[in-house]
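Here's a quick briefing on pockets, strands and salt bridges. Have the sequence and the model open while you read.

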Amino acid sequence: MVIVNPKTNQFYYSYYLSQLKDNFNIINYDSNPFPDFHHHCLAMILKDFSEKKIYISAGDGPGFNQLGLEWCDIYAKVNVHKEQIPKKFENKILPIGPSFGLNYLSLKETLTQLWVTTLRSKMKLSEYREHFANFYRQWKYRAPLSAYFPGNVETDYIFHASTLWRKEPDTNTLRASFMDIANNNPKIKFDGGFAPGKQDVVNGFDHLIMPKKMVYNDYLERVKRSLVVFNTPAVQGCLGWKLAEYMACGKAIISMPISQLLPAPLNNHEHIHFVDGTNKSLENAINEIRTNKKYRKRLESNSREYYQKYLSPKAVMDRIVSFKVC
């Protein structure tokens, strides 16, 4: 049996909740066994031969929640920097790698779960609107796990679409550079750009602003067709959803260096192609992958294999449940 804190953010934690649903069929939502956690975590209690308290953090920042550290037996976290691990609790901290939001409930199930979690939570009045919005975003804007699989790659086509971040100018510039280089390559048809809507940060990126926001299923299909994809640090330098999505789709990934701890190493030229962010490094990466089919296929196969072994919802939850605290 599993007991889950009903206050959890259904949009960010749908990745893990989907696997709990598969493993246990019915999730028992009850706020009583839990401290007053904020919504941006997934706290659960597994009741089998012993009672195991698990705290999952998929937040963007590298910090740790003190209340969560003290309460749990296992602290599973997406963004873990080795130098920021608190020594007192290091034996219970498990790096789990990137994830992404999923649509894992039917409309009827979504409404039922919204009703149950609302009734059984101890949220403040000001928190209800966000709680409702997270259920809506999970159902409306995300795809089911079954949609994430390799597609037919077009070797003369590169797609990239992303959001302009107000507080991440370096990420905006890196993504723009990649798009400009792809767009200026005579052997490549570039597709994509930045989503519209943030006029205060558009300056300098005007030529890359798309006329309208993309429907997510359309976005995912274009990702699958793309010769390569580009991964950068996201908000607060975090492991963004794009990285896990790319690996689930078995893409040849060009990436900036990754500083977070991962479940297993992502090796350069084996699972991923790392660059330093200069225009030359981006140009060389695109051309090497475009002209060397054997290399591209190896990156595609190995990124998908890494996802299945370490990052899929099942792999992550299996690793969390079997994690032994020293």
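The largest pocket is lined by 39 residues, and Phe11, Arg142, Thr163, Trp165 and Trp241 are the ones nearest its centre. Keep in mind that this is a predicted model, where local features need pLDDT of at least 70, side-chain atom pairs count only at pLDDT 80 or more, and totals for chains, interfaces and linings use all residues. Residues are numbered from 1 along each chain as its sequence is written, and side-chain values use heavy atoms, with hydrogens and water left out.

**Pockets**

- A pocket here is an open set of points on a 1 Å grid over the protein atoms alone, where a 1.4 Å probe fits, with protein on both sides within 12 Å along at least five of seven lines; lining residues have an atom within 4 Å of a point.
- The largest pocket comes out at about 1,300 Å³, with volume taken as the space filled by probe spheres set on the grid points, which are joined across faces, edges and corners.
- At least two lining residues of the largest pocket come from each of α4 (128-141), β7, α6 (216-225), β9 (229-231) and α7 (241-248); helices (H or I, at least four residues) and strands (E, at least two) are DSSP runs, numbered from the N terminus.
- Sorted by class, the lining of the largest pocket has 21 nonpolar, 9 polar and 9 charged residues; Ala, Val, Leu, Ile, Met, Phe, Trp, Tyr, Cys and Pro count as nonpolar, Asp, Glu, Lys and Arg as charged, and the others, Gly among them, as polar.
- The second largest pocket holds about 240 Å³ of space, and its lining includes Lys21, Tyr29, Tyr104 and Glu109.

**Strands and crossover**

- Strands β7 (residues 157-162) and β8 (residues 189-194) run parallel and are joined by 6 bridges; two strands pair if DSSP finds at least two bridges between them.
- Within this pairing, phenylalanine 159 sits opposite aspartate 191 in β8.
- Together, β7, helix α5 (residues 169-184) and β8 form a right-handed β-α-β unit (with the strands pointing away from the viewer, the path from the first strand over the helix to the second runs clockwise).

**Salt bridges**

- There are 12 salt bridges in the structure, each being a side-chain nitrogen of Lys or Arg within 4 Å of a carboxyl oxygen of Asp or Glu.
- In one of them, lysine 7 pairs with aspartate 36, with the closest N and O atoms 3.3 Å apart; these two loop residues are 29 residues apart and link distant parts of the chain.
- Lysine 7 is buried at 9% relative accessible area, whereas aspartate 36 is exposed at 60% (buried is under 20%, exposed over 50%, partly exposed in between, with a 1.4 Å probe and protein chains only).
- A salt-bridge network links Lys7, Asp36 and Glu127.
- Aspartate 191 and arginine 222 also meet in a salt bridge, 2.9 Å from N to O; aspartate 191 is in strand β8 and arginine 222 in helix α6, so this pair ties together parts 31 residues apart in sequence.
- Arginine 222 has a salt bridge with aspartate 218 as well, at 2.9 Å, and both residues lie in helix α6, 4 residues or about one turn apart.
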